[in-house]
Each structure stands twice: as structure tokens, then as C-alpha cells.
Amino acid sequence: MSYVIPVWNIPSLPVVGTTARFPVRRVFCVGRNYVEHQKEMGGDGREQPFFFAKAPHDVAPVEAGAQGAVHYPPMSSDYHWETEMVVAIGKGGYRISADKGNEHVYGYGIGLDMTRRDLQQVGKDKGRPWTFGKDFDQAAPMGPLTPASSFGHPTKAALKLTVNGQVKQDSNIDQMIWSVPEQIAFLSQHYTLEPGDLIMTGTPSGVGAARVGDDLVATIAGLTELKVRILPPL
Ligand code: MN
């Protein structure tokens, strides 16, 4: 196969315990999957979650033990963190039942669903897509995946984000409204899931605005921590 312009690398994530990488096909994201986050965003905590997407190009992989770095994005002055567990799909499927959902998971990691909250708000106000709020260069810093073959399928694990050493998000993945298998079941009604797809599973409360120079450290018990510094805009 030859191409008329140079071909880029497939976006990929490191994997704990191997030098081989996980190739990223699509990035699905769950919105409002924690009650306390629904409330801080102005909801009543009784909404059904929903999905949106980021482009695979947005993924900013951070290697194990490294501090990642992303530039403060253009066209925003309200750039928010959202700490989320990332689910990596290893086996595709269509109309997967929730009780079989875990069989489709390759592994788990930590990601930041970085958000231009001001541009997202324009979308909400005008009934327009969230694309500019959620889908931009480096909008998805992600750390290494831990394979389910060694880790199992977590249903309870402390999730934390510190910014410059101060705790900003402090919850547990057991607070998700839709569990991971339920997300897989719902999503696979609308898409044929494929190996390489990622799901960002939603953020708990405590989202807030990042500033240039901030050091973000996201942890989920049992997974490799994710460290990211916010660099000046390009
Ligand atoms: Mn999110």
C-alpha cells in the first residue's frame, strides 16, 4: 500500500509488563456518569448518562514513570480536568449483553478528559455539538494500560486527582451510575465495538480549571498513576 501523503503513527498506549503497545481506534466518553458530578454541573443527579467522542488523535500517551506534558489549549480560558478510568476494548462485538461485557475488555488505565469548559458551554447554550469543548489536540492524556489478565475487572477502586499536591477529586469507581459492563452493553447497541476502542468512563465531582504550570497527578488504586504538567500555550 502506498499513500499520497506521509502516514502518521497509529495512536497507542503503553501497556504494563510489555514493550508492545495498545493501538487506539476510537475514544468514546461517558458524560455525567457520577451523581456528584451531575450535581456540580447543574443537574439533579438523576439523569441517565450519555456518550460523546474524542478523536484518537487527541490521545497524549504518558509512559510509565514519566511526567507527561500538554499545552494549554487555544481559544479557551476555562480549561478543566476530569479524571477518569479508561477501559480498553480487546475483543469487538455488537449488542453485547452486560453480563458478557467484561469478556471484551483488554485492560484498564487512567485518563484525563481535558475540557474547554467555556466552549462546551457555548455548545450547550446553543444546542450545538460539544466537539470544540471536548475534542482538541492533546485533550486526552492517558497513562499505561494494565491488562485485565493480570488485574481482573475492578468494580471498586479509589480515584484521586491532586493538583500541585492539593486533592481536587477524591472518589471511587464504585460510584459510577453505569458500570463498565453496562457502558459496553449500551454502547454496543449503537456501534459495533472494535479492538482498539477506548471508553473514558466518566469523572466524579471536583472538576476545575487548570492553569499553566500546574502539575496534575491522577491515581486509581491498582493502576499506574498519571502525571501531567500544563505547559504554556503554543
Ligand atoms: Mn468526562
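This is a predicted model: local features need pLDDT of at least 70, side-chain atom pairs count only at pLDDT 80 or more; totals for chains, interfaces and linings use all residues.
Entry 1: I looked up the strand order and got an open sheet of 5 strands, β6-β18-β17-β13-β14, with mixed pairing. The edges are β6 (67–71) and β14 (166–172); each has a single partner strand, so one side of each is left without a neighbour in the sheet.

**Entry 2: β13 and β14.** Next I checked how β13 (residues 158–163) meets β14. The two run antiparallel and are joined by 6 bridges. Which residue of β14 stands opposite K160? I found D170 there.

**Entry 3: the cores.** I went for the largest nonpolar core, which has 42 residues, with M85 and M114 having the most contacts inside it. Elements that each supply at least two residues to this core include β3 (27–31), β8 (83–89), β13, α5 and β17 (215–220). The largest share, 4 residues, comes from β9. Leaving out residues up to four places away in sequence, I listed what M114 touches; among them are Y79, W81, F136, L216 and I230, plus K54 and K134. There is a second, separate core of 15 residues, and L13, V27, F52 and A140 are in it.

**Entry 4: S188.** I placed S188 in helix α5 (residues 180–190). Buried or exposed? My note says buried, because its relative accessible area is 0%, and the cut-off for buried is under 20%. Not counting residues up to four places away in sequence, S188 touches G93, Y94, R95, I96 and L193.

Notes. Residues are numbered from 1 along each chain as its sequence is written. Side-chain values use heavy atoms; hydrogens and water are left out. Buried means under 20% relative accessible area, exposed over 50%, partly exposed in between (1.4 Å probe, protein chains only). Contact means heavy atoms within 4.5 Å. Two strands pair if DSSP finds at least two bridges between them. A nonpolar core is a set of buried Ala, Val, Leu, Ile, Met, Phe, Trp, Tyr and Cys residues joined through side-chain atoms within 4.5 Å.
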